Amino acid sequence: MATLADSFLADLDELSDNEAEIPEDNDADAADMEEDIDGDLADLENLNYDDLDSVSKLQKTQRYVDIMQKVEEALKRSSDASNQGVDLEDDPEYQLIVECNALSVDIENEIVIIHNFIRDKYRLKFPELESLVHHPIDYARVVKKIGNEVDLTLVDLEGLLPSAIIMVVSVTASTTTGKPLPEEVLSKTIEACDRALALDSAKKKVLDFVESRMGYIAPNLSSIVGSAVAAKLMGTAGGLTSLAKMPACNVQLLGAKKKNLAGFSTATSQFRVGYLEQTEIFQTTPPALRMRACRLLAAKSTLAARVDSIRGDPSGRTGRSFKDEIHKKIEKWQEPPPAKQPKPLPVPDSEPKKKRGGRRLRKMKERYAVTDMRKLANRMQFGIPEESSLGDGLGEGYGMLGQAGSGKLRVSMGQSKLAAKVAKKFKEKSYGSSGATSGLTSSLAFTPVQGIELSNPQAHAHQLGTGTQSTYFSETGTFSKIRRT
């Protein structure tokens, strides 16, 4: 019979056999992975970051050259009207527009790569500049303009940057820790700036071509935001189909730049707004309503792009209806609130209202009336502290009770009419003892009004013996005989 230790050893042997079969596949995968890693490392080693051509390669590709040549030819001639009836997907001009949109995205990425190259090189000269000028094209223009100049008062940056940023850049340059660049590094930096500016001009040319064809490609979107803004939205999104799939909150941010206010107020600055701030609707809207108008513009532009992506309305009627709806909503927002109408008084009743009165109501009012004691307790005399139940202002205050000077709570309370009536009623009744004489007979009676009262039992007995009771309950009385007539 096998022991527990033998069974454990058998399990271990099975596990070792299974592990011996697996490494063949794992070794092959590991070898492929090592080859990929070695290849990537080799590419990284071969990549020379000092050489601009190894970093920026887009302008030397055949695709870039062909598309730019087609764009220049298309800009020289007008739009071919014979292609208006052709399907959108089969139209060669539309295919060129799709390629232009893809190329504009590649140009944006290439500009970012070149911007990083310029920033790394120029950081030795002016390290604070990248935190003051965020846009890549503006940064390239400023770097090209400054060069190795130490005194920025000799450099005219007017037209390149806002006046507030120019002032901050000049002050920062006077206290910078940077040193002038060597001639070789400076030439590479200036060459990179020229390449970035050339890519930016090529991108503008592509957008001009797309803008000239937007009335045919996206008529509804162009009728809302205009051809220029529609071309920029399509170029940044990567095409009309990509723009149609994008939510409205992202369309609102297309083209938004990171703004550097240099310590100035943010009250008048428009954040989270991209190309849509260039539209006519946005510019003509009052500043207090511009963010709401921008959100509405983004929502309607997304709907119009979805209509254009499926060629739902080539005439652009849907876009014009959306634009009219936007104008109506903005006008509605600017209307003053309706004036508050005066509320008329109710019509007076000619008949007097029925109010309860009489003895019962008077009794109830007298029963719940505020007594003189409560009136004094509710009052306070100026300059004199009131007495309280617990002393030192704690507990229930007594108000003007006991303020006559004696230090005691004195109340001069007259007897109410109701209490007088009750006292009279109880006084008429006798609470004395009966007429029987015994050892427990007493002349004292306890009443709820007077307390202990001394009464005359004989007078009471005499009062009971008169009238009807004396003849009816008399021991000597006889039956009366009534004569009939």
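**Charges and cysteines**

Tutor: On the surface, a patch of positive charge brings together Arg356, Arg359, Arg360, Arg362 and Lys421. Keep in mind that this is a predicted model.

Student: Which helix gives the most to the positive patch?
Tutor: Helix H18, residues 359–367. That helix supplies three residues.

Student: And where is Lys421?
Tutor: Lys421 sits in helix H20, residues 417–428.

Student: Is Lys421 buried or exposed?
Tutor: Exposed. Its relative accessible area is 57%, and the cut-off for exposed is over 50%.

Student: New topic. How many disulfides are there?
Tutor: The count is zero. A disulfide would be a covalent bond joining the sulfur atoms of two cysteines.

Student: What about Cys193, buried or exposed?
Tutor: Cys193 is buried, at 0% relative accessibility. Cys249 is partly exposed, at 48%.

Student: Back to charges. How many salt bridges are there?
Tutor: The count is 16 salt bridges. Side chains of opposite charge can pair when their charged atoms come close.

Student: Which residue does Asp194 pair with?
Tutor: Lys144. Their side chains form a salt bridge, with 2.7 Å from N to O. This pair links distant parts of the chain, 50 residues apart. Asp194 is in helix H9, residues 183–212, and Lys144 is in helix H7, residues 136–146.

Student: How accessible are Asp194 and Lys144?
Tutor: Asp194 is partly exposed, with a relative accessible area of 34%. Lys144 is also partly exposed, at 40%.

Student: What does Glu184 meet in a salt bridge?
Tutor: Lys188, at 3.9 Å from N to O. Both are in helix H9 and lie four residues apart, so about one helical turn separates them.

Student: Which residue forms a salt bridge with Glu191?
Tutor: Arg195. The closest N and O atoms are 3.6 Å apart. Glu191 and Arg195 both lie in helix H9, four residues apart, about one turn of the helix.

Student: Is Arg195 buried or exposed?
Tutor: Buried, at 12% relative accessibility. The cut-off for buried is under 20%.

Methods:
Residues are numbered from 1 along each chain as its sequence is written. This is a predicted model: local features need pLDDT of at least 70, side-chain atom pairs count only at pLDDT 80 or more; totals for chains, interfaces and linings use all residues. Side-chain values use heavy atoms; hydrogens and water are left out. Patches are made of residues with over 30% relative accessible area and no salt bridge: like charges are joined within 9 Å, nonpolar side chains (Val, Leu, Ile, Met, Phe, Trp, Tyr) within 5 Å. Accessible areas come from the Shrake-Rupley method with a 1.4 Å probe; for residues, only the protein chains shown count as cover. A salt bridge is a side-chain nitrogen of Lys or Arg within 4 Å of a carboxyl oxygen of Asp or Glu. Lys and Arg count as positive and Asp and Glu as negative; His and the chain ends are not counted. The place of a charge is taken as NZ of Lys, CZ of Arg, CG of Asp or CD of Glu. Helices (H or I, at least four residues) and strands (E, at least two) are DSSP runs, numbered from the N terminus. Buried means under 20% relative accessible area, exposed over 50%, partly exposed in between (1.4 Å probe, protein chains only). A disulfide is a pair of cysteine sulfur atoms within 2.5 Å.
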